[in-house]
Amino acid sequence: MLAKARLSYRADFLVQVGSDLLLQAVDLAFLAVVFTRVKALAGWSFEEALFIYGFFLIPFALFNASFAALSEVGGRYVVGGELDRVLTRPLGSLLQVQLELLRPQALNGVVLGLVVLRVASARLGFTWSPADLLMAVTGVIGAWLVYGGLWVAVASTSFWTQERGIGFFPVFYNTINFSRYPLTLYPGALRFLLTFVLPYAFMAFYPAAGLLRGEYTLFGWLTLPVGLVVFGIGLLVWQRGLARYEGAGA
């Protein structure tokens, strides 16, 4: 499997892990610099923003490990014809493609996220109850499913466009940055968009804010149902696209 092969190239693996950690360190440094200028950001303290960022890192790392490489579906599987091989096997086509494109090196973000959450919790004096842990776990799973559903839907467009390149992926990947910071930073129209149209707010803000502030508790618990709905839509789009597929030589 490709994931196993990638692990065998230790130097490449370590370079990618180091690169990911450096990028996250830069983001954390940026956050710290911002708070040297202001005491609060849209009503959120540095420790709360740090908590939200730490939460963001965990489902984001799971997404990068399991879904992000689906950007190769168009060029490699649909146009390149590797999907023909996949469809001869009994296992689901999407699951097979995912397993072939796993990026285990991205999981370092889970460890970093847990460390950042631990530091932020200590600075906030936040004591984790069993209900908090349950909300956090369901929130991480729900956020991961939101990422996955959106990414699968975008990958599925290659069945219609026959796109060899990465298509809409850069747009979606870059806009994920909206989910790293408190939603209240943004104007009302953008908050509506990030909650009800492209539910990026459920990737980190709502599940993390649900742990910190009572007014967001309901949204925190809604993260898993929202994730299941978004992922279900992603699967539906994949199945619709797959039904159009007639083979690379067609």
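How much space lies in the largest cavity? The model is a predicted one, in which local features need pLDDT of at least 70, side-chain atom pairs count only at pLDDT 80 or more, and totals for chains, interfaces and linings use all residues. Residues are numbered from 1 along each chain as its sequence is written, and side-chain values use heavy atoms, with hydrogens and water left out.

The largest cavity holds about 30 Å³ of space. A cavity is a set of points, on a 1 Å grid over the protein atoms alone, where a 1.4 Å probe fits but cannot get out, and lining residues have an atom within 4 Å of a point. The volume is the space filled by probe spheres set on the points, which are joined across faces, edges and corners. The count of cavities of 30 Å³ or more comes to 1.

The lining of the largest cavity consists of Phe-63, Tyr-147, Leu-150, Trp-151, Phe-172, Ile-176, Tyr-200 and Met-203. Helix 8 (residues 130-156) gives the most to this lining, with 3 residues; helices are DSSP runs (H or I, at least four residues) numbered from the N terminus. The lining has 8 nonpolar residues, no polar and no charged ones, where Phe, Tyr, Leu, Trp, Ile and Met are among those counted as nonpolar.

Helix 6 (residues 93-100) contains Gln-98. Of the 8 residues in helix 6, 6 are buried, a term that means under 20% relative accessible area with a 1.4 Å probe and protein chains only. These are Ser-93, Leu-94, Gln-96, Val-97, Gln-98 and Glu-100. Gln-98 has a relative accessible area of 11%. Apart from neighbours within four places in sequence, Gln-98 is in contact (heavy atoms within 4.5 Å) with Ser-66, Phe-67 and Leu-70.

Technical notes. 1 Å grid on protein atoms, 1.4 Å probe; cavity = no way out; pocket = protein on both sides within 12 Å on 5 of 7 lines; lining within 4 Å. Helix = DSSP H or I, 4+ residues; strand = E, 2+ residues; numbered from the N terminus. Buried < 20%, exposed > 50% of the residue type's maximum accessible area, 1.4 Å probe, protein only.
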